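Subject: Structure handover

Hello,

Here is the structure we talked about handing over. Please open it first, then read the notes below it.

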Amino acid sequence: MSLVSPGVLTMIKSWFRKEFLSPRRLLFNVVFYGTQLALFSVGWYLQETNQRLAALNQLTYSVWVSRGAGMTLAFDAGLLLVPMLRNVIRTVRPKLKWLIPVDENIWFHRQVAYSTAFWAAVHATAHYVNFFNVERTQVRLESALDIHYTQSGGITGHFMLFIMLLMYSTSHRKIRHQCFEAFWYTHHLAFFFFLALFSHATGCFVRDSVKPDFIKSFPFYSTQHCLGYESWRFTIWPGIAYFFERVYREYRARRETTLSKVLVHPSGAMELRIIKPDFKYTAGQWLFLQFTITSAPEDPYISVHIRQVGDWTHALGECLGCGPVVVAAMTKEAMDGVEKKDGSKGIRSDFVELDEDCIVRPSPRIRIDGPYGAPAEDVFDNEVAILIGAGIGVTPFASILRHIWYRQQRGSMGPLRKVEFFWVCRDTPSFGWFQSLLHEIEVSQSDPNFLRINIYLTQKVAEDMFWNIVVNDPGAEYDPLTLLHTRTVFGRPDWKCIYRRIKAAIEIGQYLPGHEAQLRTRVGTYFCGPSGLAATIKEATRQHTSQSVVFSFSKEHF
């Protein structure tokens, strides 16, 4: 009888394959963790072999471990802020995306944070042993309690541990989703964390004299007798860069911004249309706090779609005069569906525009922080683009599909030959706000093979809706749920089957008319949605990549 359940074994195998059998991830692990082990060894060696610190070395392993871990922590602390330099990343992204995964900056930030937590535990534990050994060997005149709670090293160390406890505990995905404010405010304690870090060595614990050698000017200790690594001289530069980035972001956000319209869509999603004359962006980019831009760069406004699912978005809806109660009343007629006055079918009453008097007075001041880069910017670099949105995760592709339509009018599609658009929804109301855009793009296609729309409904259909479909669907020109030519598929997509079909069609030359089968075809997949579904799709792209058809996968990270 196995002691480990099959589910756990599967998770372990999946983790091992991802971390050690993926060449890029393996290279990252070797370089990142190898560098940390090397720094730990250097810190240990420099402490152990320094003859001027012979008295302190009587503490033996505890002081060597604490010094090695301290040097590694300085490296991690400097790296923590680098992936948060969003404007720098947006600038270098087009030039360096081939070399480093710049779109994985949040993931990299988390890896550095995990490493920081580990080495902080090692460093703190070693120092607690140090203080016990200080009492035992009497290498310092002060008691362990004095070093702990009256000297700057002990005070700043405990202060940083307390801040880390608050930041790490509120960074869990469930807490972050349920109470984003807790995550937001505790992460701003990073300012005090770095102040404590930069002043951590001013206690002069590592010295060749019995008493600390303090001076009146910065850094308040004499480097003649205080023999720390002075790592703050290096870690302070990312902090300075981040400070100026935040100042620039605040200045940019304060530029003239006007809320021109508020639209309510049948799904209850709010569409905010904003005017900011000097705002330039690329299709697929997003605004902080993680609202994807849904307008195209060619549109005379900036739009974002916001679904009311939490305290903050509900409060925003109430402030704009379109809270949950108002939305339910205003969208009832829209959800019934109407016909255009000229008699042509296929247009749902897709939004209700709020009268300016509905907005709470005084109207809220709008500031937008962005734009910031996203993987979906690269859609036009592929010959085939597969766009997959789950629920409200379809928002990045609203901008991209609009932009595609504009570029089609100009005849500047670049290497892009075909687009597959998949939208996976749990319920029918979600179709409402995006239907009008899909309809416009669908009817404007001069080449019916260029854009293929695939819509999946995963929720169990109610009985009355089932009979409505049975009565109205057979022989109808439009789908009864979306009012598009494309038919809605009920159930979950079989991604392996979908990618296998696309690969086979490309290889035999049927997928891209006129395309030589022996040439290498780049197929880019761009996904926005839950992580579980992302893992399934990524695995399907990996399995079906060959020498002639190369599938790539990119996910929006928020």
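Among contacts in the protein between residues at least 6 apart in sequence, what percentage join residues at least 24 apart? The share is 71%. Contact here means heavy atoms within 4.5 Å.

Two points on the source. This is a predicted model, in which local features need pLDDT of at least 70 and side-chain atom pairs count only at pLDDT 80 or more, while totals for chains, interfaces and linings use all residues. Residues are numbered from 1 along each chain as its sequence is written, and side-chain values use heavy atoms, with hydrogens and water left out.

**Overall**

The protein has 558 residues, and 46% of them are buried. Buried means under 20% relative accessible area, exposed means over 50%, and partly exposed lies in between (1.4 Å probe, protein chains only). The accessible surface comes to about 29400 Å². Carbon and sulfur atoms hold 62% of that surface. The areas come from the Shrake-Rupley method with a 1.4 Å probe, and for residues only the protein chains shown count as cover.

The secondary structure comprises 19 helices and 13 strands. These are DSSP runs numbered from the N terminus: helices are H or I with at least four residues, strands are E with at least two.

**The sheet**

Look for an open sheet of six strands. Its order is E11-E10-E9-E8-E12-E13, and the pairing is parallel. Strand E11 (488–490) and strand E13 (549–555) are the edges, each pairing on one side only. Neighbouring strands are turned by 20° against each other on average, direction ignored. Two strands count as paired if DSSP finds at least two bridges between them. Strands of a sheet pair through backbone hydrogen bonds, either parallel or antiparallel.

Strand E8 (residues 384–390) pairs with strand E12 (residues 521–528) over six bridges, in the parallel sense. Here Leu387 stands opposite Tyr526 in E12.

Helix H15 (residues 395–410) packs on this sheet. It touches E8, strand E9 (418–425), strand E10 (451–457) and E12. The direction of H15 makes about 145° with that of E8. Helix H18 (residues 495–507) lies across E8, E9, E10, E12 and E13, and runs at about 140° to E13. Axes are lines fitted to C-alpha atoms, for helices over the stretch in contact, and angles run from 0 to 180 degrees between N-to-C directions.

**Salt bridges**

How many salt bridges are there? The count is 12. The rule asks for a side-chain nitrogen of Lys or Arg within 4 Å of a carboxyl oxygen of Asp or Glu.

Arg367 forms one with Glu250, with the closest N and O atoms 3.1 Å apart. Arg367 lies in the loop between strand E6 (352–353) and strand E7 (369–372), and Glu250 in helix H11 (residues 232–253), so the pair ties together parts that are 117 residues apart in sequence. Arg367 is partly exposed at 37%, and so is Glu250 at 35%.

Arg252 pairs with Asp369, again with closest N and O atoms 3.1 Å apart. This pair links helix H11 and strand E7, 117 residues apart. Are these two residues buried or exposed? Arg252 is buried, with a relative accessible area of 6%. Asp369 is buried too, at 12%.

The side chains of Glu230 and Arg233 also meet in a salt bridge (2.7 Å, N to O). Glu230 is partly exposed at 22%, and Arg233 is partly exposed at 39%. Finally, Arg93, Asp103 and Asp378 are linked in a network of salt bridges.

Best wishes
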